[in-house]
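Reader: Hi! Could you take me through one spot in this model up close, and then tell me how far I can trust the prediction around it?

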Amino acid sequence: MSQVSVFHLLQSWTARQAWALVGVIDGGSTSCNESLRNYENHSSGGKALAQREFYTVDGQKFAVTAYSEWIEGVSLSGFRVEVVDGVKLHLLDDVSSWKPGDQIVVASTDYSMYQAEEFTLLPCLDCSHFQVKVKETPQFLHMGEIVDGVDMRAEVGILTRNVVIRGEMEDSCYAENQCQFFDYDTFGGHVLIKKNFTAVHLSYVELKHMGQQQLGRYPVHFHLCGDVDYKGGYRHATFVDGLSVHHSFSRCITVHGTNGLLIKDTIGFDALGHCFFLEDGIEQRNTLFHNLGLLTKPGTLLPTDRNNSMCTTMREKVFGNYIPVPATDCMAVSTFWIAHPNNHLINNAAAGSQDAGIWYLFHKEPTGESSGLQLLAKPELTPLGIFYNNRVHSSFKAGLFIDKGVKTTNASAADPREYLCLDNSARFQPHQDSDPEKPRVAALIDRLIAFKNNDNGAWVRGGDIIVQNSAFADNGIGLTFASDGSFPSDEGSSQEVSESLFVGESRNYGFQGGQNKYVGTGGIDQKPRTLPRNRTFPIRGFQIYDGPIHLTRSTFKKYVPTPDRYTSAIGFLMKNSWQITPRNNISLVKFGPHVSLNVFFGKPGPWFEDCELDGDKNSIFHDVDGSVTGYKDAYVGRLDNYLIRHPNCVNVTKWNAVVCSGAYAQVYVQTQSTQNLTMTITRDEYPSHPMVLRGINQKAAFPKYQPVIMLEKGYTIHWNGPAPRTTFLYLINFNKNDWIRVGLCYPSDASFQIISGFFLRQNSSLIKKEDYEPVHSMEELQRKQSERKFYFDSNTGLLFLYLKATSHRDGHSYCSSEGCERIKIQATSNSKDISNCMAKAYPQYYRRPSAIKRMPAMLTGLCRGCGTSQVVFTSDPHRSYLPVQVQSPSKVDTQRGEPSVISVNGTDFTFRSTGVHLLIVDACSVPFWLTGKKFFPLEDVSRMGEYLKTGIPPRSIVLLSTRGEIKQLNISDSLVPLGLAKPAHLYNKGSTVFLGFRGDSKPSWTKLFTSPAGQGLGLLEQFIPLQLDEYGCRSIDTIRRRDLEFLKQASKAH
């Protein structure tokens, strides 16, 4: 819009005239479209409407409309921007087979799965094989790039097939079809496949409006087919390939009592209930390869399908007046419901579910129509099948969930819950040949990408489990590790995450709407964005529940607190009443510059509540190499925990943490028939700082307490009621010859029978029993600490004995190789007084604080080998990506001497003079090959256009960055052959950055970035794919496809 033409128009206005104009700045009067309307009457003042069409530099056509009018004497004006002739989508794969009129779906890339959108394809003569044009205007933002090293590109699936099976629909819900929950017809068709078929191969069929809210009526249902591969006598294994199941009224693909089925390249969109569903807990050797499931909604069939209201309303199958608890009985609907670990998941995407993306659960016994069958091996003991390169996002509870089972008994007075409701009894403990007497077999989660999940990117319980080569971004909690149980039922196992990336809040800011519940400010720039939970929720990257866990060779980026919440790279389960082991260890981790809290132990307030449960107080881990704290071989615990301290420990107040050297273990204290009993444990060196423990379950008949203690120290134990008559002390994580001294408070008239032995959890027996004998003084006890002796000081009421391990402990086991060393104290007394001996115990048994292990010096310098070696985590790992970063400073920054930098694959190219820097990279070479490097100073910028036209070889990536103010950057026409759709306006810009390609195609990653005069662009990051087919590379090395290797391996395993 030129100033001259505007001034002229203003001169000719009269009262109440409506005027609208659309123009281009500096475009002259010919670029303008204007409208001037006279006032007509009071109710309608005449509407001025001006419109012009434009193209973006990416080639997108759009219209700008300005309007102005008087209505009822009130002026109304505004403008709108609308897409014209459809929107182009740039896709990663060749989609030339997709036709105009086809329906596609684009997945959400935000927290809400309801941001998934359907589109209709339009004719597009100028589209490449990797582009389509859609009719509808997108309502939400869908990411199309790798963000902060994590592949957040939206999945795009085609729903249309030339063979269609469609259910006939009524206008509304009717009859007994759960109409209290659905206002539309849910009675669709179904395809049922039964045993003893000759062959079944379903390929590229569209199934719409299929399934019913009745058991057994699903779009595709393999019903009790048994083995459908070579084990069942089939020469050609049974498969489902390329199906499109959408707008389903009950699931997508159901695998029921069927083994060896291949489900491949299939889409399940907008389904009620679990989508890809393995039903009875006996289904094995099935392979799910490259399937997409999205918009998985609650259904009514099973308790695990139901949402909150369905759960509490549907009570026909519970016992008596029991009201189901949604969070523990129901609310588990998942896109992939995997009821047995011996199945294979490769290259799948769970792109939005009400609860979970992929859920592994473990049936204690076969259920449903398979009830009564005898399994050769328990699912929870069975090794995991192949898990490779799966992605999970836009689910509320978790992207990946490995935990729990279902109730396998009918409702009764003893347990009124409904049959097949969610149950917390199962724990994944994979062993060789599913035999608990044989060695453990680690379950491998390889290449998981989890982003934009409200609660957990992944919740993983069990052992041994290894997560590697994985990325977690924008989750409430990136990854939670929980052990496979607790002592004494658990023998001790471990979980490990390595070579992985954790991003707190990425450049994917999200988009309001689509049922996104939470919005606020956050990220390193504190800008508005969608949030996983409310603004006070403490975002964490890696969360420790109990352990033992091992976190190693991993990188954390962008964990920045806000005034409303704590945000930390590493954290602990909040409100944790369970145990935490000092065998948790962390090594070789790297924290980016935007990580404010490496670790946080919680503080009283929102979400943490009072932070006073036993697990909260005993939170601890071992910083093996100092990569977390700067202190090698140090332990990190909560700031107020004096059971683990010594005088040379280092306080880290902002973490609410203390860093100490030493050796640590646990004592498991169990009492009998003493409900609501609180235990106080005090270290002799810090009597003014006791730890009060409520117990894991105060209402249980056998309360359990498990404090972490520093070895080679003395402790006293006290109670808030009468001392328990029976107390068990177990030595947990003690190595041979490790010891502590304990003094337990009893009435002065108490007498004791004390027996030690090795407890065998397999049969609950006690071997190698020895009686403890009394001695008459503390001095005698100290001299005989290796013997089975005790000393009762009746003056203070303290029963003293040494707890010393006599046998070796192997690996991650809680106990020794001979069994769990246990001391049983049986006390007899007539007193019912409270047994708290603190006032008498100290200062008599006070000891001066000391360190048993010297505190190391703080490390200096960079941590070598720390962090993941991988820069980018994508869902196409067979492709190579070139990481490119451009640092574009502002005018003020350049005056301070900050350089301009183009970084390619970690190599920095720096320049400090005003001008234009160019790097040319061969697009067909891996590793990257820099073929050209040019700098055009300010006085030579006019010569750059010719170089861009003639000096760049074919199949080249062009990286361009300016520095300083360049008034006349006359290269717009030269950038069109390198990827722009039209010349861009590049005058009086603060900074210009361009990513281009010299070749016959225009890849989607070509981009132009500019900033206003005086401003910079900050840090830009892009990941450019190398050796794409569209580049026309002459020779490409054979690319290893591990996914196809795994598919072949799974097929052979059938």
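**A close look at T304**

Author: Happy to! In this predicted model, T304 is in contact with H274, C330, M331, A332, V333, W337, V406, L420, C421 and L422, leaving aside its neighbours within four places in sequence. As for where T304 sits, its place is in the loop between strand 25 (292-297) and helix 2 (308-313). T304 counts as buried because its relative accessibility is 1%, and the cut-off for that word is under 20%.

The chain has a mean pLDDT of 93, with 97% of its residues at 70 or more. Residues 1-12 are another matter, as the pLDDT there is below 50. Beyond near neighbours in sequence, that stretch has 15 contacts in the model.

While you have the structure open, strand 43 is worth a visit too. This strand covers residues 549-557 and is mostly covered, with seven of its nine residues buried. One of its partners is strand 39 (residues 495-503), paired with strand 43 in the parallel sense over eight bridges; here V497 stands opposite L551 of strand 43. Strand 45 (residues 585-591) also pairs with strand 43 in the parallel sense, over six bridges, and S554 faces V589 of strand 45 as its opposite residue.

Definitions and conventions
Residues numbered from 1 in each chain as written. Predicted model: local features only at pLDDT ≥ 70, side-chain atom pairs only at ≥ 80, totals over all residues. Heavy atoms only, no water. Helix = DSSP H or I, 4+ residues; strand = E, 2+ residues; numbered from the N terminus. Buried < 20%, exposed > 50% of the residue type's maximum accessible area, 1.4 Å probe, protein only. Contact = heavy atoms within 4.5 Å. pLDDT = per-residue confidence, 0-100. Pairing = 2+ DSSP bridges.
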